[in-house]
Amino acid sequence: MPSKEGKYVSFANKGEAYMMEEINKMRQAMPDESLRFSIHHFDSWVKMKK
């Protein structure tokens, strides 16, 4: 599934709800239970709009 955002994915301007929607799309597309995600800048995630 190609990213609509290009080479780098950022949800900074779109908010946490949008980010979770995109993560759930990946979970549905790849239902492997070993699929994991990482937050690379925790402080930005905490400050992200809901």
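**Entry 1: E16**

I looked up E16 and found this residue buried, with a relative accessible area of 17%. The cut-off for buried is under 20%, so E16 at 17% falls within that class. I note that the model is predicted. E16 has its place in helix α1. Leaving aside residues up to four places away in sequence, I listed the contacts of E16 as W45, M48, K49 and K50.

**Entry 2: Helix α1**

I then turned to the helix that holds E16, which is α1. Helix α1 runs over residues 16-29 and has 14 residues. From its first C-alpha to its last, α1 reaches 20 Å, close to the 20 Å expected at 1.5 Å a residue.

Which residues of α1 are buried? I recorded E16, M19 and I23. They lie on the same side of α1, because they cover an arc of only 60° around the axis. I kept the general rule beside this entry: an α-helix has 3.6 residues a turn, so residues three or four places apart point the same way.

I next asked what covers the buried residues of α1. The cover includes α2 (42-47). I set beside this the contact list of E16, which has W45 as one of its members.

**Entry 3: Salt bridge**

I searched for salt bridges and the count came to 1. How far apart are N and O in the salt bridge of E22 and K25? I noted 2.8 Å, N to O, between these two side chains. E22 and K25 are 3 residues apart in helix α1, and therefore about one helical turn separates them. I also checked the exposure of K25, which is partly exposed with a relative accessible area of 38%.

**Entry 4: Nonpolar patch**

I looked for nonpolar surface and recorded a patch of about 290 Å². Its members are I39, F42 and V46. Is V46 buried or exposed? I found V46 exposed, with a relative accessible area of 52%.

**Entry 5: Whole protein**

Last, I took the totals. The secondary structure comes to 2 helices and 0 strands. Of the 50 residues in the protein, 12% are buried, and E16, M19 and I23 of α1 are among the buried residues. I recorded an accessible surface of about 4600 Å² for the protein. Carbon and sulfur atoms account for 55% of that surface.

Key
Residues are numbered from 1 along each chain as its sequence is written. This is a predicted model: local features need pLDDT of at least 70, side-chain atom pairs count only at pLDDT 80 or more; totals for chains, interfaces and linings use all residues. Side-chain values use heavy atoms; hydrogens and water are left out. Helices (H or I, at least four residues) and strands (E, at least two) are DSSP runs, numbered from the N terminus. Buried means under 20% relative accessible area, exposed over 50%, partly exposed in between (1.4 Å probe, protein chains only). Accessible areas come from the Shrake-Rupley method with a 1.4 Å probe; for residues, only the protein chains shown count as cover. The expected span of a helix is 1.5 Å times one less than its number of residues. The arc is that of the directions from the helix axis to the C-beta atoms. Contact means heavy atoms within 4.5 Å. A salt bridge is a side-chain nitrogen of Lys or Arg within 4 Å of a carboxyl oxygen of Asp or Glu. Patches are made of residues with over 30% relative accessible area and no salt bridge: like charges are joined within 9 Å, nonpolar side chains (Val, Leu, Ile, Met, Phe, Trp, Tyr) within 5 Å.
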